[in-house]
Amino acid sequence: MKTFENNPSASLRSRLFASAAVAMGLLALSAGTASAAANCIKGDRKAPYTVGWANIYSVPTWMKQTEGTIAAEVEQLKKAGLVKDLMITDAQGNAQTQIQHIQSMIDANVDAIVVIAGSSNALDRVISDACDKGIAVVNFDSLVNTDKVTAKINTDSSEWGAGAAKWLSDQLGGKGKIIVMNGPAGISVSDDRRKGAQPVLDANPGLEIITETNTEYNAAPAQEAMTSLLFANPEIDGVLSLGGALSAGSVMAFDRQGREQVPITGENARQFLELWKEKGLKGWATMQPNWLGALSVYTAVQALEGKDVPAFVKVPLPVIDDSTIDGYLARADKFPADGYIYSDYDQALFDKLLAQK
Amino acid sequence: MSAVSSSSWLYGAIQRRRNRGLGGLYLIVAAFLILYAVLFPGILSVGGFSKFTQNWFPLALVTMAQALLMLNGGITLAIGPLVSLGAVIAATTMDGVFGVPGGIVAVALTGLAIGAVIGAIVAHLRLPAIIVTLAGSFIITGVALILLPRPGGFIPGWLSNTLAGHTPVAFLLLVVVLVAWKAFLATPLGLGIYAAGDNPVGAFRSGVPVERAKVVAFALSGLLAALAGLFVAAQTGSGDPVIGTPFTLNSIAAAVLGGVGFLGGKGTMRGAICGSLLLSVMINVMFFLGFPPVAQYIAQGLIIVGAVAVPELLKAWRAKR
């Protein structure tokens with residue numbers, strides 16, 4: 001994308017403009033003629049629908065919980081006579097396999113595809129093929145590049161990073177030595193959260209980044225990484241942890257080494273929230289709500305039913321702080337021990353989110 | 001497939017023995033293909049066939065890259081990173097001055113060069129291939145992440161549509177690669193790769209340049225892996241610095257499934273290709289059978305064990321008879 005923007009050849013640029021102009025014309029035409037149908041929808045598919053859920057990797061707890069919200073939503077829609085079947089695939093972390101699965105869903109002529117992308121670019125072509133076939137494609141959490149989808153649904157990763165950095169900076173009065181914990185390298189989500197934090201860090205030159213880690217979004221590797229950093233750095237004033245169970249790993253590392261806990265950011269991992277309460281941490285957390293999955297299925301069905309849905313549904317980030325954490329922990333036993341305590345959701349919330357422009 | 005013209009009875013007998021071991025695998029693959037065609041008749045159309053073979057093609061290439069080294073008595077853990085690097089180079093060079101041809105040449109040369117360097121280290125410094133390629137895989141991953149820190153880059157639309165559109169170009173390319181491999185096997189150097197894997201001392205005494213054969217094997221393997229990356233970039237329309245990772249293990253699985261041994265000299269390229277086809281068709285068949293993901297993990301394991309066990313059982317049954 002970067003090189004594409006910096007260096008388009010003249011002919012390419014003119015061709016792009018030409019096709020953009022044609023697309024605009026078509027858009028104006030279709031908008032003028034009638035229907036406010038959502039993207040990809042041709043109106044030739046009738047309820048009850050078959051929904052395909054193309055997962056990139058089903059093993060992480062976050063994914064299992066998300067699949068739970070999808071299955072629950074499908075059950076509701078089945079009762080309403082809108083959905084007849086849910087097909088689930090698991091690409092086992094392989095973007096190439098995910099392409100193959102989505103191709104199979106096209107071949108099986110499903111009516112809707114709900115997808116978390118294994119790579120922001122790799123699925124572009126197969127997803128636009130699905131869109132061309134009139135399949136409602138709703139993409140959430142990890143987004144694709146192409147706009148040939150019915151809707152994309154996500155929180156803002158950049159705000160995630162900025163919010164976390166802002167809180168930590170306020171806690172430390174704008175100065176101190178901090179460690180930044182990131183998710184895996186080369187993954188858009190972890191990259192976006194980190195990029196979102198950067199302007200805040202730049203604005204607070206008193207914050208000195210000792211070092212950064214890149215690990216899977218799991219407690220164990222994060223704890224291991226933090227443990228070795230604790231040996232090397234006698235003075236750490238704060239931890240800017242950007243997600244998953246990284247924060248829990250960090251807190252446990254501090255605890256094991258007998259170090260005094262420092263202000264730390266994080267996500268709604270049950271483990272982290274419980275440690276936060278137990279150790280009386282100075283903490284801040286947000287979340288990637290698991291019900292994005294349920295919302296995606298709901299959105300796809302709404303679009304198939306002829307409703308207009310926004311091309312991008314931005315879901316506001318819920319924030320957990322000392323004033324709200326008790327409400328989350330009160331429901332903790334309904335969630336797996338290594339799971340995420342997500343905020344409540346219902347159809348009214350979904351309708352409100354889909355109504356926003 | 002019998003391109004070998006020297007039909008002396010000795011060679012014929014050896015070939016028959018090698019093929020017989022693969023009979024069970026051929027049966028299983030054929031059964032899966034038929035099952036797939038029954039579940040999804042669209043596979044028999046040009047479009048369906050094209051899409052299916054496109055998803056198989058990169059795995060077939062990396063399996064060849066892996067089998068080539070295993071036949072030579074080596075192994076490589078750098079396949080996945082090389083695929084990623086090939087994709088990244090393709091996606092970052094094709095909008096340059098030299099365009100698509102420049103990009104293809106850059107990918108091919110990178111693959112050849114990295115393979116040759118790894119091969120030279122393994123052959124001349126006598127270090128274990130598994131360690132050298134493991135170290136290499138870290139370096140190559142790092143370079144790919146530096147060149148393209150996150151998915152992106154540019155592949156011209158026409159290239160994507162040519163290689164991975166609704167025509168079976170990918171399959172034809174695979175046929176070309178296989179024919180080239182057959183032709184290469186007919187050369188002394190090609191035979192030397194097998195010979196040096198089977199019995200290095202014997203090969204050396206018969207005048208095979210064992211070290212050079214090893215370097216060539218690694219270079220060709222690197223070339224195939226990088227080209228698989230180029231194809232992945234075209235198929236997806238972009239580069240991704242970590243997209244290749246799962247190919248390392250899958251290439252080994254496909255080669256072993258195809259009867260290629262870890263100790264060198266044992267196995268055939270056609271077996272390895274069949275192994276990769278099984279891994280690929282299995283995914284689609286399980287989808288159309290409607291297996292839930294957890295069952296897919298288990299079924300996948302059972303199919304792989306079965307595909308290795310059935311030929312062995314057949315052998316035992318034949319020996320008893």
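Of the 357 residues of chain A, 49% count as buried, a residue being buried if 20 or more other C-beta atoms, placed from the backbone, lie within 10 Å of its own. The model is predicted: local features need pLDDT of at least 70 and side-chain atom pairs count only at pLDDT 80 or more, whereas totals for chains, interfaces and linings use all residues. Residues are numbered from 1 along each chain as its sequence is written, and chains are lettered from A and ligands numbered from 1 in the order in which they are written.

Chain A contains 13 helices and 11 strands; helices (H or I, at least four residues) and strands (E, at least two) are DSSP runs, numbered from the N terminus. Among contacts in chain A between residues at least 6 apart in sequence, 75% join residues at least 24 apart, a contact being two C-beta atoms, placed from the backbone, within 7 Å.

An open sheet of six strands in chain A has the order E2-E1-E3-E4-E5-E11, with parallel pairing; two strands pair if DSSP finds at least two bridges between them. E2 and strand E11 (312-314) of chain A are the edge strands, each pairing on one side only. Neighbouring strands of this sheet are turned by 15 degrees against each other on average, direction ignored. Strand E1 (residues 49-55) of chain A runs parallel to E2(A) and is joined to it by seven bridges, and A:Asn55 stands opposite A:Asp90 in E2(A). Helix H3 (residues 61-79) of chain A lies across E1, E2 and strand E3 (112-115) of chain A, at about 165 degrees to E2(A). Axes are lines fitted to C-alpha atoms, for helices over the stretch in contact, and angles run from 0 to 180 degrees between N-to-C directions.

The largest nonpolar core has 198 residues, and A:Val51, A:Ile102, A:Ala112, A:Ile113 and A:Val137 have the most contacts inside it. Such a core is a set of buried Ala, Val, Leu, Ile, Met, Phe, Trp, Tyr and Cys residues joined through C-beta atoms within 7 Å. Helix H10 (residues 210-236) of chain B supplies the largest share of this core, 19 residues. Beyond four places in sequence, the residues touched by A:Val51 include A:Val74, A:Val83, A:Ala112 and A:Val297.

The contact between the chains takes 32 residues from chain A and 33 residues from chain B. On the side of chain A that touches chain B, H4(A) gives the largest share, nine residues.

Methods
Buried ≥ 20, exposed ≤ 12 C-beta atoms within 10 Å, placed from the backbone.
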